[in-house]
Amino acid sequence: MYATIAKDENTVPDNLNTITVLPSWFGLSARAYEGNDREFCRNCEYKVMVSSNEETSFSLIYRTDKQVVKAKEKYFSTYEVVHYGERNCYQYLVEESNDILEISINTFNGDPNIYVNPTTLPQNKNDFAFKTSGDLDEILTIDPRQRREHNAVTGDYYVCIYGELTSSYSLFISTFENSNEVMEYLSPGLTRTAEVRKDQLKVFEYGLTRSEKTNITFTLTSLTGNADLYIVCLLYTSDAADE
């Protein structure tokens with residue numbers, strides 16, 4: 001797959017008027033930054049042109065470094081690039097006071113770190129209420145007691161990923177009941193970092209349509225502790241599907 005990005009162009013531009021598109025861990029990435037007059041402009045339009053030599057499915061993400069992405073789904077996931085010294089921020093709504101809030105990232109390259117704050121978005125790293133320690137694959141769990149200490153059991157939480165180096169990562173944000181059995185969902189092709197307590201069962205669901213014929217591989221890697229993996233296949237009959 002190939003991509004070309006140009007500013008204020010109605011036709012396919014020549015190389016002098018395009019923004020450099022570079023391969024990243026999971027696809028292609030391009031960046032226009034202030035100070036580079038050839039690539040950056042205000043009050044203008046950017047055109048993104050994607051081409052491929054075969055039939056291709058893709059997702060396209062765009063953002064500014066000042067933009068806060070609203071994570072509208074209860075089980076929110078995305079994969080992005082954060083540049084050195086910058087941050088990507090997300091706004092997530094915690095609706096249930098007894099739920100556990102879990103934020104996790106998988107690092108493809110670089111060194112991204114998680115910073116979380118309730119109610120408001122700080123401008124300084126030191127003003128965030130919660131943060132991770134800096135491991136490559138990180139997970140941050142915030143329970144109701146911790147949120148109560150900040151007078152924010154429910155409400156908006158701001159999650160920012162800071163790039164200690166230019167980094168590619170996948171991010172997962174979710175809330176779930178504080179119980180011994182937790183249900184979550186898997187996204188195809190994305191590694192999912194999670195944690196499970198002693199004697200707790202965490203259930204992940206991954207679905208295929210009846211028309212898909214493919215082999216599936218599930219791999220469990222324990223970062224700490226020792227966990228077991230069990231897989232159950234649920235087959236739906238045509239009668240059940242019609243109901």
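Predicted model: local features only at pLDDT ≥ 70, side-chain atom pairs only at ≥ 80, totals over all residues.
## The disulfide

A search across the whole structure finds one disulfide. The bond is formed by Cys89 and Cys160, whose sulfur atoms lie 2.1 Å apart. This pair links distant parts of the chain: Cys89 belongs to strand β8 (residues 87-94), Cys160 belongs to strand β13 (residues 155-163), and the two are 71 residues apart.

Both Cys89 and Cys160 are buried. The torsion about their S-S bond is about 110°, and the disulfide of Cys89 and Cys160 is therefore right-handed.

Strand β14 (residues 167-177) contains Thr175. With a relative accessible area of 5%, Thr175 falls under the 20% limit and is therefore buried.

When residues up to four places away in sequence are not counted, Thr175 touches Lys74, Tyr75 and Tyr92, together with Val94, Asp99, Ile100 and Leu101. Of these contacts, Tyr92 and Val94 fall within the residue range 87-94 of strand β8, the strand that holds Cys89.

## Thr120 in a loop

Thr120 is located in the loop that runs between β10 (112-118) and β11 (130-131). The relative accessible area of Thr120 is 48%, so this residue is partly exposed; the class applies because the value lies between the limits of 20% and 50%.

Thr120 and Tyr157 are 37 residues apart in sequence, yet their C-alpha atoms are 7.6 Å apart in space.

Technical notes:
Residues numbered from 1 in each chain as written. Heavy atoms only, no water. Helix = DSSP H or I, 4+ residues; strand = E, 2+ residues; numbered from the N terminus. Buried < 20%, exposed > 50% of the residue type's maximum accessible area, 1.4 Å probe, protein only. Disulfide = S-S within 2.5 Å. Contact = heavy atoms within 4.5 Å.
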